[in-house]
Amino acid sequence: MKIEAITIREIHMPLVHFFETSFGRAYSRRILLLTAHCEGIDGWAECVASDAPFYSSEWAETAWPTIQQYLAPAVLGRTLTTARDSAALMSKIRGHRMAKAAVENALWDAEAQAKQQPLWKLLGGTRREIPCGVSIGIQDSIEQLLDKIETELAAGYRRIKVKVKPGWDVKVLERIRAQWPEIVLSCDANSAYTLDEVEHLRKFDQFNLLMIEQPLWADDIYYHARLQNELQTPICLDESIRQARDAAFAVDVGACRIVNIKVGRVGGFTEAKKVHDVCQAGSIPVWCGGMLESGVGRAHNIALSTLENFRLPGDVSASKRYWHEDIIEPEVEVTPEGTIAIRDQPGTGYRLREDLVEKLTLRKETVRTGTAK
Ligand code: OSB
Ligand code: MG
């Protein structure tokens, strides 16, 4: 598989409903898409870096030049037997995992197409359907949140996750539990608390939550272990797990009982598989996180979720929850039982709507061998 050129493009898509976390509210997404042109085959991937450097230091404006000036030139002109080999070619570039993941994952897509195999099989997956949950942002009122939860439960979703922060937590969880004592419920703090708030966080134990996601600092593992000792509720790490070594550390010190895997956050499918394996060996179940992806990233999340240790419902849900019109065909749909059926066509099993992508494109650039430093 010879990598002849790489196209980076930016598209803009308005969200059906705003999404608010402990670091702010988003009404739309700037999304970078990447195409790896390999001997007549185009592999596609999404760079999940956000519009702003809040979830992580990477964002759309850092990913673009990093791919254009360093990551694309590192792989361009090379002939690879497997997409997996691309990770080593990019390893001298420090950090920028979401940018790296976009390059690597586009090559996995190209490899799957070249081998006429479904991507999920190439990744080593086994599941034929995956269980789905939803992540619901902070709303203008608790009533609005309860309405949203009702809609998602009626649609069949198997786990409700709500975003929390100081001032939008215990009261909110109380109201949810009063209305639905039995549903599978979790919360995500996106690092909104500190270890001084242990007494407050202990109040979460009364709600029988499946987990509390990333309560403390985005770069911390050790203090999460201290906190996990004080809580009954399982901690799930998201931001803190950037590579398999972090997962091994977290398992060793007991910093969490569950791990959220985002393929962009860990730098690509190769590292995501390693995180999966480390967690499996440590008897820690994982689930697939989301970054408000378009259909391209969503299809990759679905493929990854077929691996065996993805034992809990992920934040992988239907296209229509995010977009008026998704850029893939068919759109991702969820069954009334709250699952996504795995497709068997080569590649992701979803067709890219290239005409729509062109229409949404704000800028694009193709990098070829010898055109960049
Ligand atoms: O922490 O999981 C998170 C979205 C953007 C950034 C971080 C997170 C999220 C979500 C949304 O929770 C998951 C999704 O529905 O894609
Ligand atoms: Mg999270």
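Which loop holds Pro330? Select the stretch between β12 (328-329) and β13 (339-341), and Pro330 is found in the loop there. Helices (H or I, at least four residues) and strands (E, at least two) are DSSP runs, numbered from the N terminus. This is a predicted model, in which local features need pLDDT of at least 70 and side-chain atom pairs count only at pLDDT 80 or more, while totals for chains, interfaces and linings use all residues. Residues are numbered from 1 along each chain as its sequence is written, chains are lettered from A and ligands numbered from 1 in the order in which they are written, and side-chain values use heavy atoms, with hydrogens and water left out.

**Stop one: two backbone features**

Next select Asn190, in the loop between β7 (185-188) and α7 (198-202). Its phi is near 45°, a positive value in a residue other than glycine. Most residues other than glycine have a negative phi, and most peptide bonds are trans.

**Stop two: ligand 1**

Asn190 leads on to the ligand. Show the 15 residues around ligand 1; those that come nearest are Ser135, Asn190, Lys262, Leu292 and Tyr322. A residue counts as near if one of its heavy atoms lies within 4 Å of the molecule. By class, this shell has 5 nonpolar, 3 polar and 7 charged residues. Here Ala, Val, Leu, Ile, Met, Phe, Trp, Tyr, Cys and Pro count as nonpolar, Asp, Glu, Lys and Arg as charged, and the others, Gly among them, as polar.

Now look for polar contacts (pairs of N or O atoms within 3.5 Å; within protein, one must be able to donate a hydrogen and the other to accept it, and residues adjacent in sequence count only if both atoms are side-chain atoms). Select Lys161: an N or O atom of its side chain is 3.2 Å from an oxygen atom of ligand 1. At Lys163, a polar side-chain atom lies 3.0 Å from a ligand oxygen. Taken alone, ligand 1 exposes 390 Å², and the protein buries 97% of that (Shrake-Rupley method, 1.4 Å probe).

**Stop three: the largest cavity**

How many cavities of 30 Å³ or more does the structure hold? There are 3. A cavity is a set of points, on a 1 Å grid over the protein atoms alone, where a 1.4 Å probe fits but cannot get out; lining residues have an atom within 4 Å of a point. Grid points are joined across faces, edges and corners, and a volume is the space filled by probe spheres set on the points.

The largest cavity has about 80 Å³ of space. Select its lining, including Glu46, Met98, Asn105, Gly264 and His300. α3 (97-114) gives the largest share, 4 residues. By class, the lining has 5 nonpolar, 5 polar and 2 charged residues.

**Stop four: the second largest cavity**

This one has a volume of about 60 Å³. Among its lining residues are Leu119, Trp120, Ile302, Arg343 and Tyr350. The largest share, 3 residues, comes from α11.

Note on methods. 1 Å grid on protein atoms, 1.4 Å probe; cavity = no way out; pocket = protein on both sides within 12 Å on 5 of 7 lines; lining within 4 Å.
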